[in-house]
Amino acid sequence: MSGLYIHIPFCIKKCNYCNFHFSTRLDFKPQLIKSIGKELSMRKEEITTPVETIYFGGGTPSVLSFQELDFLFQKIKENYDVSRTSEITLEANPDDLSKEYIAFLQKNTPVNRLSIGVQSFFDEDLKFMNRMHNSQQSEICIKEAMDAGFENLTIDLIYGGQTTSDKRWLSNLEKSLSLGIPHISSYALTVEPKTAFEAGIRKGKISPVDEDKQFRHFELLRNVLPKNDYIQYEFSNFGKKGFFSQHNISYWKNKAYLGIGPSAHSYNGKDKRSWNVANNIKYIKSLQENILPLEEETINEKTRFNEKIMLGLRTVWGINIQDIGKEFSPLIVNHFHKELKKLQMENRIIISNDTVIINPEFLFLTDGIISQFFFVD
Ligand SMILES: C[S@@+](CC[C@H](N)C(=O)[O-])C[C@H]1O[C@@H](n2cnc3c(N)ncnc32)[C@H](O)[C@@H]1O
Ligand code: SF4
């Protein structure tokens with residue numbers, strides 16, 4: 001089984017924190033969608049098993065028109081085995097989710113999971129982030145999506161930002177609970193290169209991110225949500241039973257996936273990763289010439305080990321110790337056991353039934369603990 005990811009590299013406006021690949025030049029959208037259609041057919045041989053999950057990410061996939069969505073689903077159906085596809089997610093911004101758009105998605109497309117970029121239910125936070133929508137639009141579109149029959153719904157929230165007080169963050173969580181959203185992805189605000197936030201902080205116009213606040217917000221998150229039947233199945237992802245993201249789980253479990261569209265990454269499930277050029281014009285031009293705008297690398301054993309640790313330790317399923325013994329050479333296995341012992345002495349990890357997970361008390365330090373496991377020559 002495989003996953004199919006389609007990157008829609010357009011946004012109406014640039015959020016102050018975001019450095020994902022996207023462009024606000026929407027005049028290239030028709031050509032680019034045509035090119036995505038071409039890439040879908042040129043790469044069909046790369047997926048040899050039925051497609052289990054499809055994920056439209058971005059950028060902002062909800063900028064796609066009805067015709068463009070129809071076209072992409074047609075291309076997918078023509079080229080891939082979707083007879084067993086169980087989850088089709090579309091990332092959407094609240095300002096795009098009109099009643100009409102939701103109804104179209106529900107009735108005329110196979111999309112069965114919506115990921116809505118709420119970020120905060122407070123207008124002050126949204127203004128600070130330079131979002132297109134306001135808090136009222138979020139609430140309305142969530143209710144309308146549920147009324148239209150979208151049960152599998154997730155929202156994105158950002159915590160620990162300069163304008164988000166502890167009280168506000170708790171209210172955001174309470175609001176999400178009261179709306180009955182079954183899945184929440186929640187990220188600490190990070191300051192990324194080439195963003196307005198990074199420039200503002202560098203010039204002293206915005207205060208730096210407060211790490212103590214981020215820690216407090218993370219602790220609130222992992223206290224409040226589990227008390228309300230959400231399982232923190234990955235560091236940033238909380239879902240009620242039956243609502244975990246199957247697509248993202250396949251990434252974390254190192255399964256194969258094909259990524260289509262500018263900047264999209266692919267993995268063959270073994271030793272090859274590839275990625276498309278992160279430039280819309282170059283992407284279109286290359287496909288016009290029937291050339292895939294792709295770079296590729298073969299990953300060695302050391303990288304494969306580091307990636308397995310990085311992805312696995314962020315999830316509740318952790319890392320199976322026997323699997324490491326089976327999959328890697330003695331040099332790496334010895335290194336793994338040495339670090340395992342050290343971290344166990346420090347009480348930072350828990351081992352049971354041959355599985356290692358991060359000790360929940362040290363969850364906020366996950367990235368640091370993971371890097372201690374890394375094999376570097
Ligand atoms: C790249 S966006 C795509 C989805 C959609 N365009 C939206 O804005 O909701 C995916 C999510 O990444 C998160 N994100 C992006 N940059 C971030 C940053 N610097 N810090 C924290 N979260 C970030 C936001 O929560 C956002 O919803
Ligand atoms: S957060 Fe979403 S809407 Fe904002 S710039 Fe990034 S991709 Fe676009």
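# Reading helix packing, domains and a ligand shell

Me: Which residues of helix 6 and helix 8 meet each other?
Reply: This is a predicted model, so keep that in mind throughout. From helix 6 you have Asp-166, Trp-169, Leu-170 and Leu-173, and they meet Arg-216, His-217, Leu-220, Leu-221, Val-224 and Leu-225 of helix 8. Sorted by class, that contact has seven nonpolar, one polar and two charged residues.

Me: How do I describe the geometry of such a pair, and what are the values here?
Reply: Two packed helices are described by the angle between their axes and the distance between those axes. Here, helix 6 covers residues 166–179 and helix 8 covers residues 211–227. Their axes come within 10 Å and cross at roughly 30°.

Me: Is helix 6 roughly parallel or roughly antiparallel to helix 8?
Reply: Angles under 35 degrees count as roughly parallel, so helix 6 is roughly parallel to helix 8. As for handedness, their crossing is right-handed.

Me: Is the crossing of helix 1 and helix 10 left-handed or right-handed?
Reply: Helix 1 passes helix 10 in a left-handed crossing. On the helix 1 side, Gln-31, Leu-32, Ser-35, Lys-38 and Glu-39 take part, meeting Asn-280, Tyr-283, Ile-284 and Leu-287 of helix 10. By class, the contact has four nonpolar, three polar and two charged residues.

Me: Zooming out, into which domains is the protein divided?
Reply: Start with the bounds, then look at the separation. Domain 1 runs over 2–251 and domain 2 over 301–377. Taken over C-alpha atoms, their centres are separated by 29 Å. Nine residues from domain 1 and seven residues from domain 2 make the contact.

Me: Which element supplies the largest share of the side of domain 1 that touches domain 2?
Reply: Strand 7 does, with four residues. Strand 7 (231–234) and helix 8 each supply at least two residues of that side. The side of domain 1 that touches domain 2 has six nonpolar, one polar and two charged residues.

Me: Last one: which residues surround ligand 2?
Reply: List the shell, then sort it by class. Ligand 2 is surrounded by Cys-11, Lys-14, Cys-15, Cys-18, Phe-20, Phe-22, Gly-58, Gly-59, Thr-60, Asn-93 and Gly-117. The shell has five nonpolar, five polar and one charged residues.

How values were computed: Residues numbered from 1 in each chain as written. Chains lettered and ligands numbered in written order. Predicted model: local features only at pLDDT ≥ 70, side-chain atom pairs only at ≥ 80, totals over all residues. Near = placed C-beta within 6 Å. Nonpolar A, V, L, I, M, F, W, Y, C, P; charged D, E, K, R; others polar. Axes fitted to C-alpha atoms, helices over the stretch in contact; angles between N-to-C directions. Parallel < 35°, antiparallel > 145°, perpendicular 65-115°, else oblique. Left-handed = near helix turned anticlockwise from the far one by under 90°. Contact = placed C-beta atoms within 7 Å. Domains from an automatic or database assignment.
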